[in-house]
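I opened this model to look up a few things and keep the notes in one place. The entries follow in the sequence in which I took them.

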Amino acid sequence: MPGAGRGAPPGCPARPHAKPALVFGFLALAGVVFAMLQSLVAPALPAIAADLRASTADISWLVTAYLLAAAIATSIAGRLGDMFGRRRVLLIVLGVLATGALVAALAGLLLPTGRRPNR
């Protein structure tokens, strides 16, 4: 039987195993992208502080809240992955991330004409 000897139930075909180097490459890429997304807020801090008329101490709390929210969302996504399947949750999270990135990229175009920032 195809699944015999590898822990597959009798009658079920064996699942093909992914190549370890390919899996490691994708996981490393995901780690780099996650680190980049976490650090993208840093260059925007002066503009955020100016728009909100906030001090440096107030803006440092913004970074802390951003990182804390990301840590909480990561653990929630992990638990949802355990419950509903890692692949499904990963695809949903990537879809939300792509949608958010698209909305952020188009944010200047979405504002009404009279409310565009003067930059």
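**Entry 1: R53**

Where is the place of R53? I found R53 in the loop between α2 and α3. The model is a predicted one, and I read every entry below with that in mind.

I checked the backbone at R53 next. Its phi is positive, about 50 degrees, although R53 is not a glycine. R53 comes after α2 in the chain. I also looked up its accessibility: R53 has a relative accessible area of 77% and is exposed, because the cut-off for exposed is over 50%.

**Entry 2: the chain as a whole**

I then stepped back to the overall make-up. The protein chain has five helices and zero strands, and along the sequence I read the pattern as α-α-α-α-α. I looked up burial for the chain: 8% of its 119 residues count as buried. For contacts between residues at least 6 apart in sequence, I noted that 30% join residues at least 24 apart.

**Entry 3: α2**

Which residues of α2 are buried? I listed V41, L45 and A49 for this helix, which runs over residues 41–52.

The buried residues of α2 pack against α1 and α3.

I took one distance from this helix to the next. L45 and S60 are 15 residues apart in sequence, and their C-alpha atoms are 8.7 Å apart in space. S60 belongs to helix α3. Its relative accessible area is 38%, so S60 is partly exposed.

**Entry 4: α3**

I checked the length of α3 against expectation. Its 29 residues should span 42 Å at 1.5 Å a residue, and the end C-alpha atoms are 42 Å apart, so the two figures agree.

Which residues did I find buried in α3? They are I59, A70 and G81. Among the elements that cover the buried residues of α3 are α1, α2 and α4. Just after α3, I noted a positive phi of about 110 degrees at G85.

I also looked up T74, which lies in helix α3. T74 counts as partly exposed because its relative accessibility is 44%. From T74 I took a distance to V93: the two are 19 residues apart along the chain, and their C-alpha atoms are separated by 9.9 Å.

**Entry 5: α4**

Does α4 lie buried or largely in the open? I counted one buried residue among the 20 of α4, so this helix lies largely in the open.

**Entry 6: the largest pocket**

I finished with the largest pocket, which has a volume of about 1,900 Å³. Of the 40 residues that line it, the closest to its centre are A30, V89, L90, V93 and L94.

Which helix gives the most to the lining of the largest pocket? I found that α4 does, with 14 residues. The helices that each supply at least two residues of the lining are α1 (20–39), α3 (56–84) and α4 (86–105).

I sorted the lining by residue class too. It divides into 27 nonpolar, eight polar and five charged residues.

Notes. Residues numbered from 1 in each chain as written. Predicted model: local features only at pLDDT ≥ 70, side-chain atom pairs only at ≥ 80, totals over all residues. Heavy atoms only, no water. 1 Å grid on protein atoms, 1.4 Å probe; cavity = no way out; pocket = protein on both sides within 12 Å on 5 of 7 lines; lining within 4 Å. Points joined across faces, edges and corners; volume = space filled by probe spheres on them. Helix = DSSP H or I, 4+ residues; strand = E, 2+ residues; numbered from the N terminus. Nonpolar A, V, L, I, M, F, W, Y, C, P; charged D, E, K, R; others polar. Buried < 20%, exposed > 50% of the residue type's maximum accessible area, 1.4 Å probe, protein only. Contact = heavy atoms within 4.5 Å. Expected span 1.5 Å × (residues − 1).
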